[in-house]
Structures are given as C-alpha cells and as structure tokens.
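Visitor: I would like to go through some of the labels attached to this model and hear the grounds for each.
Guide: Then let us take them one at a time, with the structure in view.

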Amino acid sequence: MNSRRLFFLLPVIVFGVLCAFFLRGLSLDPSTVPTALADKPVPFFDLPPLDDETIALASSDLVGEVALVNVFASWCLPCRVEHPLLMELAVTGKVALHGVNYKDKPEDARAWLDELGDPFLRIGADRDGRVGIDLGVYGVPETFVVDRTGRIRYKHVGPISQSDLEKYLLPLVEKLRQ
Amino acid sequence: MKHWFIGVLLSVTIAIPEAVSFENDAPLDDPVLEVRARELAKHIRCLVCQNQSIFDSDADLAKDLRQIVRERIMSGESDRAVTGYLVERYGDFVLLRPPVKPKTYLLWFGPAIIILFAGAGVVRFLRRTGASSGSPEALNSAERRRVKSLISDEEVD
C-alpha cells in the first residue's frame, strides 16, 4: 500500500521539481552567456595603444595584480551608462582598470574619453575586433576580472551597476587579492 | 484592393533571400571550401541575436565570425577544429545543436525517459483495470426479476 501511494505521488514530485526549475528560469537572463574562459589564462594578445596619449595593453600586462578589463566603444550606449561608475572606481584606486577599445575609430574613442573622462590605466585598440573574439566578447560593454596570475575569473556582461560593483565585482577583487 | 496590397507586401517579405548577409561577404575562391564554410556557419549561433545562426544573421559579430570560419577553413582546418576554436571562446552555447555529453544527457534523453515512464504507467493502469473488470457475471433469476421490476417502475413514473 505504502509503495503504491508513493507511485501515485511520483508525478506530483516530478511536477514540483519541474516547477522549481522553471521558477528559477524566470529570473535568469538568457542574453547573458557566462564566459567559457572562466579560470583560464587570458588568451594571448598584444594590442597597440589607442593613440599616443595612452599606454598599450597586452595580455602580459595583466599578470602581477588583480585587474578589471573593460571592453568599451564610443558607439556603445550602455558604455556611456556605466562610465561614471568606472570614473569613480578609478579615483578610489581599489583595482587596476584597463580598457579594450572594441571596433572603434581612434578619433571617436578619443573624443569620447575627452568628453567623459579616461578612467583607464592602459587602453588597447582592437580595431578589427579579433581580440574581442579571442576573449569571447559578444556585446559591449563587458568587464573581465583577471586575477594576479593572469587568469580570467569572471566576466560581467552589460553595463556595471552600482550594486554589481559593490555586491559582486569589488568583493571578488578583494578575495583575489588575498 | 486591400487584399492585393497585403499580397504584394507578403510576397516582398518572402522574396528576401535566405541569407542576405552571406551574399555581402567576400566568398572563398574555392567553391568547395565556400560550401563547407556556409554549412558550418549554419550551425553556429550568433550570440547577439541568439536564435539565428551566423549564416543568417546580419549582426556585426556574425560577420566577423563568418570571416573567421572562412579563414580557418582556408588554412586547412577541419570542421571540428573550427567549431572547437569557437566553443573554446564562447562555450557550447555557440553551437545551435548542443553536444551530447554528461552535462546534456538530461536534455537529450530526458524526453525519452519521461515517455518511457509514462508509457509504463499507462500499461500498468490498463492492465489493472482490464484484469479487474473482465466480463461481468451473468445475473441469476432473482436479480433479473429485480431489474425487470425496476425498469417497469420507471415506465410507470
């Protein structure tokens, strides 16, 4: 009798499990694809500087200290949204912040930085977007957290919000520092 | 008049070729390799538009990825190597057809397992009800009389 009752409960249990999955799915953003490069070394790249006012960025520059690498472009509207936050972050000096200027014209990027401020220590110019593809970038802005050994530990897709920064990115940086 | 207009609109929409995007690229000189590149591109997801392949998509990234597929095929790489390169960077999600591996077993075999269980349940149910009902026993004479009286009562009512 007991096992029979269990048998009838089975569909209810299966239904419950499915519901739990679907409920979880509702709060996931399907447009955010986690990086396939998590915990892997940053793919080798050696980008020229954006212009003679900036310092070039290569993958070897990312070894030695925890860094954020922000992939941005002047044509990218959400980049404009997160930019003030990057400026604030640069002032605090909590973490090394580098930029990859993705598929942009150097003069446009320069005008953009002159207008909004330049928070980056180094800026590599990825004119044809090949380095972006090597990094698995599929939409700007994207921000990589790279640890001291030059491994990618996390990628944030889309503009960074204050709460993303405080609740996730900065604590992660802090953790990687130790 | 209105119908005619809608008809024209529809035909215009339908007449858009399968992949405008691919036509705008510079094809490979070798037609065999070009066909291979196109076939491969049909199975690679455009991460910007997600449910389109890079073959169909007009997104800038899709164009770049098509170019990479072409270059890699030109340089003599196998289809597997080319998709491997993309999967390394964008994950399995870049493949429109998810690979069969332990992580996706549930996805691939889940429906079959559910049908198997449901089928077993149905068979079990049919067997049980079939065994318990069978053909009913014949009525004895007393019961037959009772049925008759019940029926005639109803007719009186």
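Guide: This is a predicted model. Glu107(A), Ala111(A), Asp114(A) and Glu115(A) are exposed, on the other side of helix 3 of chain A.

Visitor: Which residues of helix 3 of chain A are buried?

Guide: Ala109(A), Trp112(A) and Leu113(A) are buried in helix 3 of chain A.

Visitor: How do you know that the buried residues line one face of the helix?

Guide: Viewed down the axis of helix 3 of chain A, the buried residues fall within an arc of 95°, and therefore they line one face of the helix.

Visitor: What covers the buried residues of helix 3 of chain A?

Guide: The cover includes strand 4 of chain A.

Visitor: What follows helix 3 of chain A?

Guide: Gly117(A) follows the helix, and its phi is positive, near 100°.

Visitor: What makes Lys103(A) count as buried?

Guide: A residue is buried if 20 or more other C-beta atoms lie within 10 Å of its own. Lys103(A) has 20 C-beta neighbours inside 10 Å, so Lys103(A) counts as buried. Lys103(A) sits in the loop between strand 4 (96-102) and helix 3 (106-116) of chain A. Its phi is near 45°, a positive value in a residue other than glycine.

Visitor: Why is Asp39(A) called exposed?

Guide: Asp39(A) has 10 other C-beta atoms within 10 Å, so Asp39(A) is exposed. Asp39(A) belongs to the loop between helix 1 (2-26) and strand 1 (46-47) of chain A. Although Asp39(A) is not a glycine, its phi is positive, about 65°.

Visitor: Where is the cis peptide bond, and what is its omega?

Guide: The cis bond joins Val140(A) and Pro141(A), with omega about -5°. Pro141(A) lies in the loop between helix 4 (130-134) and strand 6 (142-146) of chain A.

Visitor: How many residues of chain B are in contact with chain A?

Guide: Contact requires C-beta atoms within 7 Å. By that rule 11 residues of chain B are in contact with 10 residues of chain A. Helix 4 (60-74) and helix 5 (79-90) of chain B are the elements that give two or more residues to the side of chain B that touches chain A.

Visitor: How do the residues of that side of chain B divide?

Guide: The side of chain B that touches chain A has 6 nonpolar, 2 polar and 3 charged residues.

Definitions and conventions
Residues numbered from 1 in each chain as written. Chains lettered and ligands numbered in written order. Predicted model: local features only at pLDDT ≥ 70, side-chain atom pairs only at ≥ 80, totals over all residues. Helix = DSSP H or I, 4+ residues; strand = E, 2+ residues; numbered from the N terminus. Buried ≥ 20, exposed ≤ 12 C-beta atoms within 10 Å, placed from the backbone. Contact = placed C-beta atoms within 7 Å. Nonpolar A, V, L, I, M, F, W, Y, C, P; charged D, E, K, R; others polar. Arc of directions from axis to C-beta.
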